[in-house]
Amino acid sequence: MRIRVLGNGGFLNDGLPYNCFCIDDTFLIDAPPDVMLSLKSRNVDFTGINRIFISHFHGDHYFGMPFFVLNLFSHYLHTGDSVRPIQIIGQRGLRKALIQIQELATSPDNPSVAFIDRVFRFTEIDSFSEVALDGGRRLIFHEMTHSKPCYGFSVVEKDEIRLTFLCDTKWSDSIACLLSRRPRLVLCDLNARPGDKIREHMSQADIMEKAVPITGTATRYVGVHLWRAAEEGRGPLTYARVGDEYEI
Ligand SMILES: [Zn+2]
Ligand SMILES: [Zn+2]
């Protein structure tokens, strides 16, 4: 399983491409406004995406969907290829949210709106859901502590957590509980800045002082959803840069 960082910036950031990554170039995790640019710049063929996860309905995580959908619609229109279905995974209301934003971004009678039901197979999840992946792996989902309902996930193989994605979140007891399973790799929201007036995200201190004592060195942490370009990491913590790849 290969993870590629396509973007590493949070909603508030200092000019970074918005947070986005993909697994094996076919599973897209979140669709920020600049998703088409990020896919292109890392040579990921958008027509090869067969699964998408949308963590929550903040603009930096799904405002790229109208661009993805319209480009895909145009691709099929011009090639005449038969439409390959894409599994799209997200919380309840996902289909409605995608149609709303497609209508807003284009127009209610734009054919890309009807295309949504042709191309997507909707999997609406909660924290009790599981989704089967190839190779006997499965996805499980974790509710984040955020200003809107938001989900992270883990990829589990033979009861071992290979990858955990902690999307926009503050530190919580449920994260501590999850980390006690010692995931191999954790991609974690580190958008907090010293002196933030509103605390919505985790910080390096949360990882070093709360997470690492639970997992020891068995778990590697990669900071994503950053507010400025990567700083030096410490111990098992590094910061994602666009184009980074992790094989797990
Ligand atoms: Zn965000
Ligand atoms: Zn958010």
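I worked on a predicted model, in which local features need pLDDT of at least 70, side-chain atom pairs count only at pLDDT 80 or more, and totals for chains, interfaces and linings use all residues. Residues are numbered from 1 along each chain as its sequence is written, while chains are lettered from A and ligands numbered from 1 in the order in which they are written.

**Entry 1: the sheet**

I noted that β9 (residues 151-157) and β10 (residues 160-166) pair in the antiparallel sense over 5 bridges. Strands (E, at least two residues) and helices (H or I, at least four) are DSSP runs, numbered from the N terminus, and two strands pair if DSSP finds at least two bridges between them. Further along this pair, I found Val 155 opposite Leu 163 of β10. Their hairpin has 2 residues between the strands, and there Lys 158 takes a positive phi near 50°.

On to β11: I recorded that β10 pairs with it in the parallel sense over 4 bridges, with Leu 163 opposite Leu 185.

I then traced the whole open sheet, whose 7 strands run in the order β7-β8-β9-β10-β11-β12-β13 with mixed pairing. At its edges are β7 (130-132) and β13 (237-239), each pairing on one side only. Neighbouring strands are turned by 25° against each other on average, direction ignored.

I next looked up helix α7 (residues 204-215), which lies across β11 (185-189), β12 (220-224) and β13, and runs at about 165° to β13. Axes are lines fitted to C-alpha atoms, for helices over the stretch in contact, and angles run from 0 to 180 degrees between N-to-C directions.

**Entry 2: helix α4**

I asked which residues of α4 are buried. They are Leu 94, Leu 98 and Gln 102, and they cover an arc of only 65° around the axis, which puts them on the same side of α4. The arc is that of the directions from the helix axis to the C-beta atoms. On the other side, Lys 96 and Leu 104 are exposed. A residue is buried if 20 or more other C-beta atoms, placed from the backbone, lie within 10 Å of its own, and exposed if 12 or fewer do.

I found α3 and α4 packed at an angle of about 75°, their axes 9 Å apart. They are therefore roughly perpendicular, a term for 65 to 115 degrees.

How values were computed:
Two residues are in contact if their C-beta atoms, placed from the backbone, lie within 7 Å. Angles under 35 degrees count as roughly parallel, over 145 as roughly antiparallel, 65 to 115 as roughly perpendicular and the rest as oblique.
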